[in-house]
Amino acid sequence: MKTDIIQKLKEANLKGRGGAGFPTYLKWESVLKNNSSKKYIICNAAEGELDLAKDKYILENYFDEVISGIKIALETIDNSSAYIYLNKKYSSLVDKKIIEGLDITIIEEDTGYIGGEESSAINFIEGKNPEPRKRPPFVSEKGLFDMPTLVNNVETFYYISKINKGEYSNERFYMIVGEKIKGGVYELKDEMSIREILKLTNNYLEIPFYVQVGGGAVGEIMIEKEFDNLVSGEGFIRVISYEEDPYLLMEKWAEFLINGNCDKCTACREGTYRILEMIKTRKLDLKVLEEMFLTLEKTSFCALGKSIPTPFRSLINKVILND
Amino acid sequence: MINITIDGKKIIADEKKSILETARENDIKIPSLCFHSDNSPKEGCGLCVVEIEGRKGLFTSCGTYPEEGMVIKTKTPEILKVRKTNLELMFSQHAEKCNDCVWSNRCRMLNLAKAWGLHINRWEDRKKNYPQYDFNKVITFDSSKCINCSNCIETCHKQGIDFLEVKKEGGFHIVVPSSEKNKDCVYCGQCVTHCPSGSFSGVDPSLKIEEAIKNNKYVVFQFAPAIRTSIGEEFGLEYGSVVIEKMIAGIKKLGAKKVFDVSVGADIVTIEEANELIERLTKKEKLPMFTSCCPAWVKFVEFYKPELIPNLTEVRSPHIVLGQIIKTYFAEKEHIDPKDVVVVSVMPCISKKYEIQRNELKGSVDYVLTTHELSRMFLKNDIDIKSIEGEKKDELLGFASGAGVIFGSSGGVAESATRTACFKLLNKKLDKIDFKEFRGEEEIKEAVIEIGEIKIRIAVVNGLLNARKIIENHLHDFDYIEVMSCPHGCVGGGGQPVPTSKEIRRKRAAGLYEIDKDEKIRIADENPIVQNIYKEFLTDKNIIQKICYTKFSKKEKEN
């Protein structure tokens, strides 16, 4: 049974759907091979990325499937207990009756963006500040209460259940948003291009537009000539027409990031604030911006801070400066 | 041990020491602000970043540990660039209020900014309108200076207090005093000595003292045991340097009429406390007996553990006892109206500022100055204790035993009391005078002292979380427990100069034990001044009670 599911995950080539894209079976193997007397499973349902709500959609429509994925983990990993780390806003979506009798505890959180990062989530469950931990050790070796911990996203657990039943053939969820499109959550094949997805879902604008891909705040901006790129990271696409004010979008990102970071690192806390200040003046000083970007990338402790330059730099270069 | 290379220098390193510590031990300078050797690495300020060959990006050296063969660079152009930006960004939040900062001219932020030629006012201070909190006129927390390093949070947590906490407001995490009913500040002042940006400080009474001097009051200074081996730091002397006569000369130059030694008060406290301990042991009541000369510890008991109030020794703390004696015995002897006498205690401590406000002690001491505040008064008056000609202590209340001096280190009170208890119970000269089992920086020390038939089980604790552990798990394993709130006792007090570290505190304590070792009189009871006071003044129970004893009561939240 134990090797069975790992083998299935491996064959299905399932990659974590929280955004990092790490092969799921490797996480499972790492937790399994540890000899610890107690292990934990966390279903990450914090979904804190700006404008992203695909996990919400899955919880609303397929909560039983997610639970069955968690159950497989509980059965596979000896002496394990599970937590659902749930965005407080989604509290009403989950039918708590389904988990009755199972060793699954729901922890509701309202920690914001950084609180969704897996080690921040672990800190929060332990009653600590939701701040990222240093790796190594990886949480699969030393996670919740210092025990080996398997952290998978809602969507990942959903597909684990599907894979176990033999009902998976390379799908994933996409969320498409935009002021001028209908948008929504779609379950489609993995590894599709931006253009294919938008056309297939009738979200391809007639007027000139560009997109943000991979995340609502830290996703990269791509322009028409890049529309044949595959959608990676979180299955998120924001469709933005050239008629929209790109500064407003940048303000929205910066405000979201300032509100969603943990404020530990100087560059992320103060640098992002100064970026917002500059955007508000509508006068970009590229030299200062690059200085902030470099410092963010080089001296942020976690991936959030390091990734902050991505959306700003790509929007400014590709759209505002039109390089 | 492993082999690494830092900036081309081959180093044999200990894997358990961070790259930052390893570099510093090998004379390679790496700047840092949020790192404090007493706390866990914070990895936030972004100044200590280094490059590791073969790895992408930069790494915070305070939280990264060496591995075999690592090749580390600490000064690439990119590193220097991002360090500058991070420091300017820290200045962009921090309101520069340098004039009265506890860091004086040792501010690492400002010194780095000068060295790097930074523009510290590149941006308008984000926190300029952040509030200033006043904790009972004892501690000021100016949150406009905070750089979000969270050392205060960890320090307060490590005291088991958790009065300082992080709140999220307007998208930012800010440090605030807790509004929870069951949490209150005990004024230990460790936030003051562990904050790199000077956001915390004691409430400084120096202007009022200057006023008293100007108004021709009879101003008497008394200085605590732990001051004599720390004040030199403020003037660039080596850690642990003993400075007594030059400090006295400095205080006299400020206009003080007399300068006395709190250690004399400590000798009296030792005698009374040993009496009380022997009495409790004989009657087998209110045991274990706790020391009560640390006001932060007293406040901790009164607020967090009021059921233990009867276990506190009722003997007042040394500077309160001596303050009383100054205003009675001394004033009478010198024919001065006690109303004209103003007593200033120079203390390594912030919580002493709280102690003198207590109703039952009011009037004993008028002002408490910290080591740092005294040094600032010196600076203001062009007094450099390096060059000033020394002066002797004023005789009447000037000479203390070695036992009175070691009060300034964790274990000092227990050792002094043990010397006196032995002296009293055995009624002869002691063969053993050093009780080294009580010395050192360990947070919990234990010993069983056998004096003839009597066995006393003694614990010495520093740090309030450690005290809580003893109280909750081992209360009845001991007869006598010394508790000091600060690491290594008063040498690590909240009113001591910054910076502080284990090493610095060790040197300050070593200085005190040196003085004790060289002292001819090392038992409180043998101090001729104290003997005289008992002969002339503390002659009966009532007057002893009045001068030397106090009461405690349950405390409600004050902040």
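Reader: What makes two residues count as in contact here?
Author: Their C-beta atoms, placed from the backbone, must lie within 7 Å. By that test, 20 residues of chain A are in contact with 24 residues of chain B. The model is predicted: local features need pLDDT of at least 70, side-chain atom pairs count only at pLDDT 80 or more, and totals for chains, interfaces and linings use all residues. Residues are numbered from 1 along each chain as its sequence is written, with chains lettered from A and ligands numbered from 1 in the order in which they are written.

Reader: Which helix gives the largest share of the side of chain A that touches chain B?
Author: α8(A), with seven residues. Helices are DSSP runs (H or I, at least four residues), numbered from the N terminus.

Reader: What makes a residue on that side nonpolar, polar or charged?
Author: Ala, Val, Leu, Ile, Met, Phe, Trp, Tyr, Cys and Pro count as nonpolar; Asp, Glu, Lys and Arg as charged; the others, Gly among them, as polar. So sorted, the side of chain A that touches chain B has six nonpolar, six polar and eight charged residues.

Reader: How many residues of domain 2 of chain B are in contact with domain 3 of chain B?
Author: 16, against 24 residues of domain 3 of chain B. Helix α5 (residues 190–194) of chain B gives the most to the domain 2 side, three residues.

Notes
Helix = DSSP H or I, 4+ residues; strand = E, 2+ residues; numbered from the N terminus.
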